[in-house]
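Please look at the sequence and the structure below before reading on.

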Amino acid sequence: RKEHTLMGLLRTGIGTVTGVLSDQWKEYFYCDALGADVLAVKGRKRVSGGSNNGLDNIISNGSVIAVADGQCMMIVEQGKVVDVCAEPGEYIYDISTEPSLFAGGNLSSNIMQVFQTIGKRFTYGGDTGKDQRVYYFNTKEIIGNKFGTANPIMFEVVNNRIGMSRTVQVRCNGVYTYIISDPLKFYTRLCGNVESEFTRDAIDDQLKVEFIDALQPAFGALAEQELRPAQIPSKASELKAAMNNALKDEWVENRGISVEKIALNPITLTDEDMKKINEMEDAASIGSNPFMMAGRMTNATADAMQTAAGNSAGAMTGFMGMGMVGMGGQGGFGAAQNLYNMGAQQQAASAPAAPAADSWKCSCGATVTGKFCPE
């Protein structure tokens, strides 16, 4: 029996291949569980009425194909994709009809448009095609891809609130995962007519180099959000989006690969960069507050006076070097007092004025100091 019929691949009911249809199907194609290091393999064929497990993956009309979870099956003729299926189940291949394209939920949303571009849409009217082969692709998350920056990456620390912008050097390391989001592109651009299996070690080194190169523009996108370097490891979703955008041409559009997850260890800055950032932020926050400026000047003056008092040429020489003599002995303390006065004036100006003692409030809302309301 059939659940429903679509063109190209006909989805069968569970168990029909080994039951009712066991005397009808000519070939049965399947793929064992794909390991974490295997990205693509040839389909394996078992012939009806026997236990032949030959590696010949040429398919013919009426063959049955099994697709498991985490797999995408593809039928290819001389380098052109004939049909694709990423939905688990068992299917009968009808070569006389149009492709079905059971894309499934794990593949790229534009899989149909990609098929129109690099696939081959045709009918044979019952005739078999030439050298049509079955391949399986691993659509599970490919984990454990370590990376680290051998050289520092430039990062722009931005704080528009205080008008600060400084370029610093950061180093980072971590682990990322990726998925084959578009097996059609992956087959066309990378593995082609794979001899037996295509493993991740064939592309890992290349992907790692490109991943690290993409960190620079990705970090630049995060800098525009005014993120500090220390905040980046906690912004996994933002970093993933920025990386996929930076890798859009090389990975997503060209090879059908997408970054799935990124885990970063704490990002480190040089001691000099961290000191400069702290100084700039301190200066900005103190500069806007006269009381804080006065407090810092008072402390600095007190420290300087203590140092001057211990001057080997005498305390008076030390004070003269500070410009304390001739200023009533005030020097920095006098300047600090001026800053305190400035802060007090700013507070007084911002505080609401107290009503006069003899004022009264009219029913119209005006505050009046005479006998009659002018309003």
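**Briefing on selected elements**

The model discussed here is predicted. The points below begin with this glycine and then turn to the strands and the helices.

- Gly192 is located in the loop between H2 and E14.
- In sequence, Gly192 and Val76 are 116 residues apart. In space, their C-alpha atoms are 9.7 Å apart.

**The open sheet**

- An open sheet is formed by 5 strands, in the order E7-E6-E9-E3-E14, with antiparallel pairing.
- At the edges stand strand E7 (80-85) and strand E14 (197-199), each of which pairs on one side only.
- From one strand to the next, the twist averages 20 degrees.
- In general, strands of a sheet pair through backbone hydrogen bonds, and the pairing may be parallel or antiparallel.
- Within this sheet, strand E6 (residues 71-77) and strand E9 (residues 132-138) run antiparallel and are joined by 7 bridges.
- Met74 has Tyr135 in E9 as its bridge partner.

- Strand E11 (residues 153-159) and strand E12 (residues 164-171) are antiparallel, and 7 bridges join them.
- Asn159 has Met164 in E12 as its bridge partner.
- E11 and E12 form a hairpin, with 4 residues between the two strands. In the turn, Gly163 has a positive phi of about 70 degrees.
- E12 also runs antiparallel to strand E16 (residues 268-269), to which 2 bridges join it.
- Val170 stands opposite Leu269 in E16.

**Two helices in contact**

- Two packed helices are described by the distance between their axes and the angle between them.
- For helix H2 (residues 183-191) and helix H5 (residues 248-255), the axes come within 7 Å and cross at roughly 110 degrees.
- Angles of 65 to 115 degrees count as roughly perpendicular, and H2 and H5 are therefore roughly perpendicular to each other.
- On the H2 side, the contact is made by Lys185, Phe186, Arg189 and Leu190. On the H5 side, Val252, Glu253, Asn254 and Arg255 take part.
- The residues of this contact of H2 with H5 comprise 3 nonpolar, 1 polar and 4 charged.

Note on methods
Residues numbered from 1 in each chain as written. Predicted model: local features only at pLDDT ≥ 70, side-chain atom pairs only at ≥ 80, totals over all residues. Heavy atoms only, no water. Pairing = 2+ DSSP bridges. Axes fitted to C-alpha atoms, helices over the stretch in contact; angles between N-to-C directions. Parallel < 35°, antiparallel > 145°, perpendicular 65-115°, else oblique. Contact = heavy atoms within 4.5 Å. Nonpolar A, V, L, I, M, F, W, Y, C, P; charged D, E, K, R; others polar.
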